[in-house]
Amino acid sequence: MNKRKIRKIFPLDFFGEDGSWRFIIRAESPDEIIDAMYWRAYISCHRKDFDLLHLATDKFNYKYHYSSSDSSELHYGLGGEPMRVNMMGPIVPISVILKKWGNDVSVVA
C-alpha cells in the first residue's frame, strides 16, 4: 500500500454490539487495527464494564427494529407491528481506550 491509499482507508471503524446497543471502536492508523478488533470483541462481551459514552469523541445514528420477539420492550406498537427506533451510538478511538486501560484487560474486570 502506498501512503495515498492508506489515507483513503483510515480512520477504520469496527462496529460492536450488545443487544440493541451499538458502538464503534475507531482505528486511526494501521498499527491500531489489531487492538481495535480485539477491544471491539472484548467490549461486546463485557459491555456493562465500560462507560463508552464518556470516552466517545463522536456519535453515529442508526435505526433499531423492535419486534414482538423482544421481551416486553416497547409493547406500545400498533397491533404488534415492529417499531423502528432512532438510536445513537458512541464512536471511541482505540487510542483513548489504550490510554485508559492499556493492553491489560485485567484492570477492567
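Student: Over which ring does the charged end of K100 sit?

Tutor: A charge counts as over a ring if NZ of Lys or CZ of Arg is within 6 Å of the ring centre and within 35 degrees of the ring normal. In this predicted model, the charged end of K100 lies over the ring of W101, 5.6 Å from its centre. R47 does likewise with W21: its charged end is 3.7 Å from that ring's centre.

Student: Is W101 buried or exposed?

Tutor: Buried means under 20% relative accessible area. W101 has 13%, so it is buried. W39 is buried as well, at 1%.

Student: How are the rings of W39 and W101 arranged?

Tutor: Planes under 30 degrees apart count as stacked. Here the planes of W39 and W101 meet at 20 degrees, with centres 6.3 Å apart, so the pair is stacked. This pair joins distant parts of the chain: W39 lies in helix α2 and W101 in helix α3, 62 residues apart.

Student: How many aromatic pairs does the whole structure hold?

Tutor: The search finds 10. One of them is W21 with F23: centres 6.1 Å apart, planes at 35 degrees, so this pair is tilted. F23 is buried, at 0% relative accessibility.

Student: Which residues have the most contacts inside the largest nonpolar core?

Tutor: That core has 16 residues, and the best connected are I25, W39, I43, F50, L52 and I97. β2, α2 and α3 each supply at least two core residues. The largest share, 4 residues, comes from α2. A second, separate core of 6 residues includes I24, F60, M87 and I91.

Terms used: Residues are numbered from 1 along each chain as its sequence is written. This is a predicted model: local features need pLDDT of at least 70, side-chain atom pairs count only at pLDDT 80 or more; totals for chains, interfaces and linings use all residues. Side-chain values use heavy atoms; hydrogens and water are left out. A nonpolar core is a set of buried Ala, Val, Leu, Ile, Met, Phe, Trp, Tyr and Cys residues joined through side-chain atoms within 4.5 Å. Buried means under 20% relative accessible area, exposed over 50%, partly exposed in between (1.4 Å probe, protein chains only). Rings of Phe, Tyr and Trp (its six-membered ring) pair if their centres lie within 6.5 Å; planes under 30 degrees apart count as stacked, over 60 as edge-to-face and the rest as tilted.
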